[in-house]
Amino acid sequence: MVILIDYDKGNHTMIDYSPLWKTMNEKKITKYILVNSGIDRKTLDYLRKNKNITLLTVEKICNILDCKPNDIVQFTKPPSSESEKEKKK
């Protein structure tokens with residue numbers, strides 16, 4: 001899972017590509033179709049492991065699936081650090 005860090009505030013955001021698999025299932029698009037449409041297998045592996053991909057790749061996938069970025073990626077925040085601070089008290 002990829003974690004983006006805002007060093008000024010210490011906030012973390014995690015990238016999750018699980019919406020991609022749901023969208024592909026709904027549209028009956030297979031990984032084979034993505035590969036034949038120009039998405040390489042290494043990128044599919046990155047998506048499976050929630051690793052970084054480029055915005056160009058997001059755009060390509062959205063064009064193939066005829067969807068919007070929110071249909072293939074979501075950003076989530078881990079539990080707030082304030083609740084962790086309270087646990088330490």
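Does arginine 48 count as buried or exposed, and at what relative accessibility? In this predicted model, arginine 48 counts as exposed, with a relative accessibility of 53%.

**Close-up A. Arginine 48 and aspartate 45 in helix H3.** Both residues belong to helix H3, which spans residues 41–48. They are 3 residues apart, about one turn of the helix.

**Close-up B. The salt bridge between aspartate 45 and lysine 49.** The side chain of aspartate 45 also meets that of lysine 49, at 3.2 Å from N to O. Lysine 49 counts as partly exposed because its relative accessibility is 36%. Through shared partners, the salt bridges link Asp45, Arg48 and Lys49 into one network. The structure holds 2 salt bridges.

**Close-up C. Threonine 23 in helix H1.** Threonine 23 is located in helix H1, which covers residues 18–27. Its relative accessibility is 8%, so threonine 23 counts as buried; the cut-off for this class is under 20%. The side chain of threonine 23 reaches the backbone oxygen of aspartate 71 at a distance of 2.5 Å.

**Close-up D. Contacts of threonine 23.** When residues up to four places away in sequence are not counted, threonine 23 touches Leu65, Cys67 and Asp71. Of these residues, Asp71 provides the backbone oxygen that the threonine 23 side chain reaches.

Terms used:
Residues numbered from 1 in each chain as written. Predicted model: local features only at pLDDT ≥ 70, side-chain atom pairs only at ≥ 80, totals over all residues. Heavy atoms only, no water. Helix = DSSP H or I, 4+ residues; strand = E, 2+ residues; numbered from the N terminus. Buried < 20%, exposed > 50% of the residue type's maximum accessible area, 1.4 Å probe, protein only. Polar contact = N/O pair within 3.5 Å; in protein donor to acceptor, adjacent residues only side chain to side chain. Contact = heavy atoms within 4.5 Å. Salt bridge = Lys/Arg side-chain N within 4 Å of Asp/Glu carboxyl O.
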